[in-house]
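Hello,

Here is the structure I promised to pass on.

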Amino acid sequence: MEFTEYISSHIKDLKSEMFEELLKHLCHSADEFREVIKADMRRQMFAELFLHCDHGKVGFLDRQRTLALLELFYDHSSQMLRSLLRNPRQWPFIEFEEINLTELWGDMDNQKHIYEGFDKVLLEMNTLLSANHASKTQSKLLESPDQPKLNEQRTSTPSPNPPEQQRGVTAEQGPQRISIEEQQQGKKPTAEQELYIESVIEPGTHTESTLEQGSSRRLLTEQETHRESTTEQGQHKGSIEGQGPRRVSVSEQGSSRESVAEQGSRRESIAEQDRHKGSVAEQGSRRMSAAEQGSLRESVIEEPYQKSEQGPYGEIISEEQEDIGSTSQSRKDSILKSTKYGEPITSEYIEVPLQEKRSWEQTYEEEIFLSSELQEEVPTLSRKDHFPETTKKEVQKDKPCEPKSQKIEGKSWSGEFFTCNWKMKYVTFEDEEQANLIYGNSRFTDLHSIIRNIQSCKEVKGRTAFNGVSFNLLQFVQLLETFVGEDAPLSVSETLTSFFKEGYVETEQEKMNALEQFSQNAFQVRQRLLLEAIFQKWDSDGSGFLDLKEVDELLYTYKEGMEKESMKKAKLHIQFPKPHPGHEVRLSSKQFQNYIELVVSELRGNEDQVLESVVEFLMNALERSHIESLRNSARRKWLHQIQCAAETSGVSLEPVYSETFKALMQDAEAHGNKKISAHISLLEENLLLPEKGNVLLRNVACTLDDAQFVLNRVLYRDMKGISFTVVDEGKPIHVPQVQYHGNIFFWNQSRNKHDYNGSFLALPLQDAYMRIFGVLAVDTLRDPHEINIFLPHEIRFYQGVANVFSTAYHYVHSREHILHIVITGIGWLYDVTSSITSITTYFVEPSPAQDSDYVLRNMMVTGQLGLTEIHKNPPTIHRKSCIFRDFLFKCTDSSEVVLASACGETHIVVPLRERTGEALGVLDFNIGQNRMLLCQEYKDLQKMMKVVQVACYEILGEFSGEIKKKYILEIENVREVQRAGILFFRIMLLELQESIQLLNSMEFVSLLLYDHTLVTEPNSPQDSKSMELEANVKLVRDILKAVILFFHPELEFSSDFGSWDKCKFYVNKYLVNNICAFDPTAKHVEVNVQLIDEYIRDHSRTEVWKFGNVVIEHLYHWIHICSALMKITKQLNSGITPPLPSKTDNYMYAKMPGEGLQEK
């Protein structure tokens, strides 16, 4: 009643047409909400399954065993069910590290898709729909010959393009080539069309019952128009139709997608199946490359679920069983023999008793058969058809507007969402558990308040790290949800749950190893918390470091010096940082923890007890007064605000500058009774006046009172001042009385010389490699007191401020560089794909609200044309406001790929991971109305994401100091932001070169022997095969000629280059060696890039994929990468502009690579 009254108050003045539009929108929203409820019920089911399988209650399950069970379930599912499930042998179930390099870059088998045989089925469906459409159009023309043009317009738009391009348009339009007129007239598709539509087209919205689950056709003329415009904009991207028929492997996967109605007519012969049987076997053994991971999953399941050749599953034919057997032979042959957690175990422990196994198989067979039977009988009515024009008649006919059952697929809903509080109920974070245990331990009472502060200052809460070995509850639930998909009925999830309960069995030894691992993890977390608390108690002034000499002096008094010699042994296993100018070895918090951990490991006794004993000794030895404790607590809070400003800035330095000056001024007022001024100056290369020095210091930020005198001013080496001395020596310089120093540069020249009274402190800003990149300057010239010298504890705190500012500064710049990498990767991806509607990039940030763990910031959006809009003030997205788009938070929670649909569009959401495994951001790939990308585009998406992730790992490792910077290409020696934009291409180039190096030399020879003799009569028109052969010959020659021009640019003007017989001699082993060692950014490289582009411009990505040659595939990408790097090199000064956002309402556009940004 309240709902009716609320809606009525908003629709009083609406016209009937507008009301019908609103009603339809509400109906579709209700359907979306029912799907949210269904997904919540499924997640609850999988969460309870996790708790059931976690026998030792350790909080994680083995990843390889989980994937092996999914593969087994998938192999034994019916054909119709497998069209809904996702293939667990493909990404995202397997990680990029588990995919061989040659397979990622050179495997063009269309069967290896997350929906098996997707390309083939889509092509056949398009053919059927096009034929049906043509016949209906012809019948309409016969019925109403007076209006042929009108009917033509309403069904399809003729293209002025050549026939090949017209075919591309037709194929790309796909299933949307059914007109609205046909839908309104109530015409039904044939049985063949129903099955194809069901198995290929994105199901869009999801139904409330199994009967509605079967199919969801798209009848959208809007997407047809969109596809046509996309084709017109980039005809070089090819067609779907052109991708279908190449090397179709009729293996177990291909045959499983066949229609029941068409199995007799379309099933290939046994002989033909034997010819193609290799592809599945190759796919099954893919993860043998990851030895320690692959061996477990390949051997974790024996054959307890397989029966005779006929098998318990009636729909799996004998040939298919043979393929399954050959596919899994390696995993069937190796038996689990483990004594340690995560290693193989003997198969007897996972075998189901015979009687239970038979009963389970009978139940499983019945449920799967029933599910597939229901799928085949359902009516093919779309549940989310949005038409450009809505009439009253359509609303009345729209099925979503009809009353729905209160139950979800026959199951009652409790009215509460399970996932609203499931983190609090089921998911435990080890640091919180250990912190609570420490709070209950009276031995560490002095550390309780410090640990509480540490826990409250955690960067981002609520995320779980992906480690490649095990799944926690969130990750397990997400994996099973991805496997089942959104369109399978709940009965399938129930069947999968029953299957896992029977199949997931651990040995006693494994259980013990899991408990040991759990105990070890808990110990490490507790150790980290205790040592961090000791470090903060010891570093009472917040300087960020401890003196090693002071640490040793106190440690050697432990047990009255009896353990001194043992402690000295720990120094043999650690590399300390280089001494500072005063011969002082400083330990950061992390270095201090590593040192104490080694000391504990050298002492006799139980490691856990020894740690607590050492921590207790240090805690009691470090006596701090109450005033010191309060000052330490306040300073820690101010330092945390600087780091928090970086993490919540939306990749902007302005909040970091503000919080830095705020911390300095608050401490000076509270603990020094001073009024200070401060500014930050950063080193820059001196390009305008090199005679004044190679570098300069530019004031980038300052306190407000000094802005007119200090901001953006430049200090050169030949000017007065001590800042460059600080840069050169790397240590702070304190000038107690500036009026007597004689080498101080005063920015405010209007000040009376008698007012130059005060102290000046200059501190170096250092990165993770201890390199100086700037100076933090603090003075008391504005302080009215006559004596205003900085005290030692103040100087130490200012050193801490400089240290935290450096960390925050590089945190922001690391995110900025990641944006550059993503923009570059998106630019590359848009050049080779056409089905992606948009890509949205989000970063994870701590939530300002206490009742929330984190928020997402929408950093940038890339539209269909590849133009990226970078938000300078990125909007914030909260979990509570995203009930229909919670897939973004699912991805962030689990650090796993999520496949989801929202508002009739399919989303592939991929995490960008920290080096620790947590998600630092997510990329949301919107592929529109399509169910999935074609195999070629799906592969290219994987390549792009792998390279982006590797580049992110490198950037984050460099900024944290974990890895040394690598300068491989000459162009990488330019400025850091420009280098970030190049990193994507450098990593991709190296991967390609490594993969080309692995190719067999005979594969290159086969190109030279490619049969290019056209078998045609002199006067007869060429048939399609001859035309295809001629096109392939041109492709091979153009690609090879383009490669040759990189190393023999002089051939451009030679008559020999026009003769293919002479060009062939340049394709030799030296060419391959040159390709694998080529640096396209080197200064000595002089290549006509424009001429090379002309050779490859007429060959689309689809044409290369269709040709199916591994060498051409590699060389095609290699040419494009080299060409892009050369163009960037030529536009070095203006090609890459930092997209660092600022706190304004503006935005800017970027299109990479090589194109600058434009302010708006």
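**A buried phenylalanine**

Phe 925 lies in strand S17, which spans residues 919-926. One point before going on: this is a predicted model. Is Phe 925 buried or exposed? Its relative accessibility is 1%, so Phe 925 counts as buried, the cut-off being under 20%.

What does Phe 925 touch, leaving aside residues up to four places away in sequence? The list is Leu 829, Ile 836, Ser 838, Ile 839, Thr 906, His 907, Ile 908, Val 910, Leu 941, Met 944 and Met 945.

**The overall picture**

The protein has 1160 residues, and 57% of them are buried. Its secondary structure comes to 46 helices and 19 strands. Take the contacts with a separation of 6 or more: 74% of them join residues 24 or more positions apart.

**The six-stranded sheet**

Look next at the open sheet of six strands. Its order is S7-S6-S5-S10-S9-S8, and the pairing is antiparallel. Which strands stand at the edges? They are S7 (714-715) and S8 (733-735). Each has a single partner strand, so one side of each is left without a neighbour in the sheet.

Here are some of the pairings:

- S8 and S9 (residues 760-766) run antiparallel and are joined by three bridges. Val 735 stands opposite Phe 760 in S9.
- S5 (residues 677-685) pairs with S10 (residues 772-779) in the antiparallel sense, over six bridges. Leu 682 has Gly 774 in S10 as its bridge partner.
- S5 also pairs with S6 (residues 695-702), antiparallel, over seven bridges. Ser 681 is opposite Asn 699 in S6.

When you look at side chains, keep one rule in mind. In a regular strand, they alternate between the two faces of the sheet.

Return to S8 and S9, joined by three bridges. Helix H32 (residues 654-671) packs on the sheet and touches S5, S6 and S10. The direction of H32 makes about 140 degrees with that of S5. Helix H35 (residues 792-832) packs on the sheet too, touching S5, S8, S9 and S10. Its direction makes about 35 degrees with that of S9.

**Two helix pairs**

Two packed helices are described by the angle between their axes and the distance between the axes.

H35 also packs against H31. The angle is about 20 degrees and the axes are 8 Å apart. Angles under 35 degrees count as roughly parallel, so H31 is roughly parallel to H35. The crossing of the two is right-handed. On the H31 side, the contact is made by Arg 631, Arg 635, Trp 638, Leu 639, Ile 642, Gln 643, Ala 646 and Glu 647. On the H35 side, the residues include His 793, Phe 797, Val 801, Phe 805 and Tyr 811. By class, the contact has eleven nonpolar, four polar and four charged residues.

The second pair is H24 (residues 473-484) and H36 (residues 887-894). Their axes come within 9 Å and cross at roughly 130 degrees. That makes H24 oblique to H36. H24 passes H36 in a left-handed crossing. Leu 474, Gln 475, Gln 478 and Glu 481 in H24 meet Lys 890, Asp 893 and Ser 894 in H36. By class, this contact has one nonpolar, three polar and three charged residues.

**Backbone exceptions**

Most residues other than glycine have a negative phi, and most peptide bonds are trans.

- Val 651 has a positive phi, near 60 degrees, and is not a glycine. It sits in the loop between H31 (626-647) and H32. At 5% relative accessibility, Val 651 counts as buried.
- Ser 895 also has a positive phi, about 60 degrees, although it is not a glycine. Its loop runs between H36 and strand S15 (898-902). At 0% relative accessibility, Ser 895 counts as buried.
- The peptide bond from Trp 91 to Pro 92 is cis, with omega near 15 degrees. Pro 92 is in the loop between H4 (79-82) and H5 (101-106).

Best wishes

Note on methods. Residues are numbered from 1 along each chain as its sequence is written. This is a predicted model: local features need pLDDT of at least 70, side-chain atom pairs count only at pLDDT 80 or more; totals for chains, interfaces and linings use all residues. Side-chain values use heavy atoms; hydrogens and water are left out. Two strands pair if DSSP finds at least two bridges between them. Helices (H or I, at least four residues) and strands (E, at least two) are DSSP runs, numbered from the N terminus. Axes are lines fitted to C-alpha atoms, for helices over the stretch in contact, and angles run from 0 to 180 degrees between N-to-C directions. Angles under 35 degrees count as roughly parallel, over 145 as roughly antiparallel, 65 to 115 as roughly perpendicular and the rest as oblique. A crossing is left-handed if the near helix is turned anticlockwise from the far one by less than a right angle, and right-handed if clockwise. Contact means heavy atoms within 4.5 Å. Ala, Val, Leu, Ile, Met, Phe, Trp, Tyr, Cys and Pro count as nonpolar, Asp, Glu, Lys and Arg as charged, and the others, Gly among them, as polar. Buried means under 20% relative accessible area, exposed over 50%, partly exposed in between (1.4 Å probe, protein chains only).
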